Amino acid sequence: MQLQIEHVCSRPAPQSCVICAHPFQPNLVRVVVYLDDQAQGDLCPTCLAQGASFVRTRLQTQLSDRISSHAA
């Protein structure tokens, strides 16, 4: 898992958090989560404030759930 901070040049459209799915409006920067060099989505400030362990655990859970649902 990698987090990339990107500068926001203009007012972007509202985003949905990749972890909690709540909508939020990026301000000066956005934080994008990457797994295996593929962007998974943006993190909201609330989830980002929970720390890397929280984000990693939630992403692993979501990834496991996706794999399980495709296998069924």
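**A closer look at Gln62**

Guide: Let's start with a polar contact: a polar atom in the side chain of Gln62 lies 3.4 Å from the backbone oxygen of Val18. (A polar contact is a pair of N or O atoms within 3.5 Å; within protein, one must be able to donate a hydrogen and the other to accept it, and residues adjacent in sequence count only if both atoms are side-chain atoms.) The Gln62 side chain also reaches the backbone oxygen of Ile19, at 2.9 Å. Bear in mind that this is a predicted model, where local features need pLDDT of at least 70 and side-chain atom pairs count only at pLDDT 80 or more, while totals for chains, interfaces and linings use all residues. Residues are numbered from 1 along each chain as its sequence is written, and side-chain values use heavy atoms, leaving out hydrogens and water.

Beyond its neighbours within four places in sequence, Gln62 is in contact (heavy atoms within 4.5 Å) with Val18 and Ile19. Gln62 sits in helix 2, residues 52-71; helices (H or I, at least four residues) and strands (E, at least two) are DSSP runs numbered from the N terminus. Gln62 counts as buried because its relative accessible area is 18%, and buried means under 20%, exposed over 50% and partly exposed in between, with a 1.4 Å probe and protein chains only.

Three strands make an open, antiparallel sheet in the order 1-4-5, where strands pair if DSSP finds at least two bridges between them. Strand 1 (2-7) and strand 5 (38-43) are the edges, each pairing on one side only. Five bridges join strand 4, residues 29-35, to strand 5, and Val33 has Gly41 of strand 5 as its bridge partner.
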